[in-house]
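Dear colleague,

Please find the structure below, and keep it open while you read the notes that follow.

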Amino acid sequence: MRPEPAGATATAIVRLECPRALRDSLRLSVSLHRADGTRVGNAHRTIAAGAKGDTVVAVKVRLASFDWWSPDSPVLTRASVSATCGSETHVREVTFGMRSIEARDGDFYLNGKPYTVIGSNMVGEWQWRSAY
């Protein structure tokens, strides 16, 4: 899932592996839910019969509402992606946070607000002992 909070959307990037041409059309459905189970968005896309090989499909879902993810409020949205072809259905679920992260003018911004990143940069492959 690729969150896009500015547009109140999230895009599911789905990779289809079709070793042989599809006999029937394939229906992709994406449904987004809050932690309490409330559905906040859904979208569908149909792939025509005859498609084969590896295919990447994007399905954009508009959210009715969402809560921002942050370290202080790690709210997650659950995405359920189903692919139905004929009588066979495959389902995958993933959770993600709606957030925006950017670096601007030497500072980091999380959800449009300045954010201080604290940590160290100890890279294991550096030869620290030989430097002393």
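Strands, like helices, are DSSP runs numbered from the N terminus (E, at least two residues, for strands; H or I, at least four, for helices). This is a predicted model, in which local features need pLDDT of at least 70 and side-chain atom pairs count only at pLDDT 80 or more, while totals for chains, interfaces and linings use all residues. Residues are numbered from 1 along each chain as its sequence is written, and side-chain values use heavy atoms, with hydrogens and water left out.

Strand 9 and strand 10 are joined by three bridges in the antiparallel sense, and Tyr109 has Pro114 of strand 10 as its bridge partner.

Asp105 sits in the loop between strand 8 (101–104) and strand 9, whereas Asn111 belongs to the loop between strand 9 and strand 10 (113–115). Relative accessible area (1.4 Å probe, protein chains only) is called buried under 20%, exposed over 50% and partly exposed in between. Asp105 is therefore exposed, at 74%, while Asn111, at 16%, is buried.

Finally, Phe108 is found in strand 9 (residues 107–110), and its relative accessible area of 44% makes Phe108 partly exposed.

Technical notes. Two strands pair if DSSP finds at least two bridges between them.
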